[in-house]
Amino acid sequence: AEAEEKVNIEVPVAMWDFDHCDPRRCSGKKLARQGLIQDLRIGQRFRGVVVSPKGTQPVSPADHDIVAQNGLAVVECSWARLDEVPFKKIASPNERLLPYLVATNPVNYGKPWRLNCVEALAAAFYITGFDLYAERLLSGFGWGHSFYEVNKCVLFVLPLGRHLIEKYKTCEDANAVSAMQEDILAELERSYDESRRTTGELNGEDLLVPNPNHHYEPPESSSGEDDVSGSDEEDKVETK
């Protein structure tokens, strides 16, 4: 943790904050207090990657140069109040979704898709190849270290052989990330079907739940590519 504190994030990190959560518990506001993120005004453009529920493709390693040159931002708002967000006024040429990952924040621990602001930023940094930046952001939270570890442990139900984040990092581009996510969701479906057949019940948490922004259907009828970051306090979407 001491080494992480010394990491200097040399790209812009920003958010459009719509004040939908308790400021004492909001991960985005905590990053701001730590001097690790800047607030953007409505209408202010951001040329880097923006993790947003309005993205049309997932973040991927192909976004590395965009992040290196122009940084990373999130939209901080409530899942329940998306209709209030003027997305047209915060548009970016590089809006991205997040692939399937599991939250470890105190409000939504263990829930797929429901990442909060710092988890969304960290996930995007990891996937685009900036691991130290991801760890620097997470190091300011007592639970932050668990984000990477839990998304490795998810594979206890998946015979896929590798950490979720690390699997996405091996993908060449957004299409490959989408295909990887389809494989993961399909394997989860098979695993749960097998559990129901053999035991008549599911063991542990249900990790195959619909993405709250982009409804997931079984692999044979869905592209499966969509995802977003998710929630701080009241199901906040820091993209999601």
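Predicted model: local features only at pLDDT ≥ 70, side-chain atom pairs only at ≥ 80, totals over all residues.
Colleague: How many helices and strands does the protein chain have, and what pattern do they follow?

Modeller: The protein chain has 8 helices and 6 strands. Read along the sequence, their pattern is α-β-α-β-β-α-β-β-α-α-α-α-α-β. Buried residues make up 55% of the 240 residues.

Colleague: Why are α4 and α5 called roughly antiparallel?

Modeller: The axes of α4 (residues 117-127) and α5 (residues 131-138) cross at roughly 165°. Angles over 145 degrees count as roughly antiparallel, and therefore α4 and α5 are described that way. Their axes come within 7 Å, and the crossing is left-handed.

Colleague: Which residues make the contact between α4 and α5?

Modeller: From α4 come Val 118, Leu 121, Ala 122, Phe 125 and Tyr 126. On the α5 side there are Asp 131, Tyr 133, Ala 134, Glu 135, Leu 137 and Leu 138. By class, this contact has 9 nonpolar, no polar and 2 charged residues.

Colleague: What makes Asp 131 and Glu 135 charged residues in that count?

Modeller: Both belong to the α5 side of the contact, and Asp and Glu are among the residue types that count as charged.

Colleague: Which residues have the most contacts inside the largest nonpolar core?

Modeller: Those are Tyr 100, Leu 121 and Phe 125, in a core of 49 residues. Elements giving two or more residues to this core include β1 (13-17), β4 (72-78), α4, α5 and α8. The largest share, 10 residues, comes from α4.

Colleague: What does Leu 121 touch beyond its neighbours in sequence?

Modeller: Leaving aside residues within four places in sequence, Leu 121 is in contact with Val 13, Leu 31, Ile 37, Leu 72, Ala 73, Val 74 and Leu 137. There is also a second, separate core of 13 residues, which includes Ala 14, Val 50, Ala 73 and Phe 87.

Colleague: How do you know that Cys 171 is buried?

Modeller: Cys 171 has a relative accessible area of 7%. Buried means under 20%, so Cys 171 is buried. Cys 171 lies in the loop between α7 (164-169) and α8 (174-199). Not counting residues up to four places away in sequence, Cys 171 touches Pro 61, Ala 176, Val 177 and Met 180. Cys 171 and Ile 127 are 44 residues apart in sequence, with their C-alpha atoms 9.1 Å apart in space.

Colleague: Why does Ser 52 count as buried?

Modeller: The relative accessibility of Ser 52 is 0%. The cut-off is under 20%, so Ser 52 counts as buried. Ser 52 is in the loop between β3 and α3 (64-70). From Ser 52 to Ala 120 there are 68 residues in sequence and 9.6 Å in space, C-alpha to C-alpha.

Colleague: What is the phi of Trp 113?

Modeller: Trp 113 has a positive phi of about 75°, although it is not a glycine. Most residues other than glycine have a negative phi. Trp 113 sits in the loop between β5 (95-96) and α4.

Colleague: Is Trp 113 buried or exposed?

Modeller: Trp 113 has 1% relative accessibility. Buried means under 20%, so Trp 113 counts as buried.

Methods:
Residues numbered from 1 in each chain as written. Heavy atoms only, no water. Axes fitted to C-alpha atoms, helices over the stretch in contact; angles between N-to-C directions. Helix = DSSP H or I, 4+ residues; strand = E, 2+ residues; numbered from the N terminus. Parallel < 35°, antiparallel > 145°, perpendicular 65-115°, else oblique. Left-handed = near helix turned anticlockwise from the far one by under 90°. Contact = heavy atoms within 4.5 Å. Buried < 20%, exposed > 50% of the residue type's maximum accessible area, 1.4 Å probe, protein only. Core = buried A, V, L, I, M, F, W, Y, C linked by side-chain atoms within 4.5 Å.
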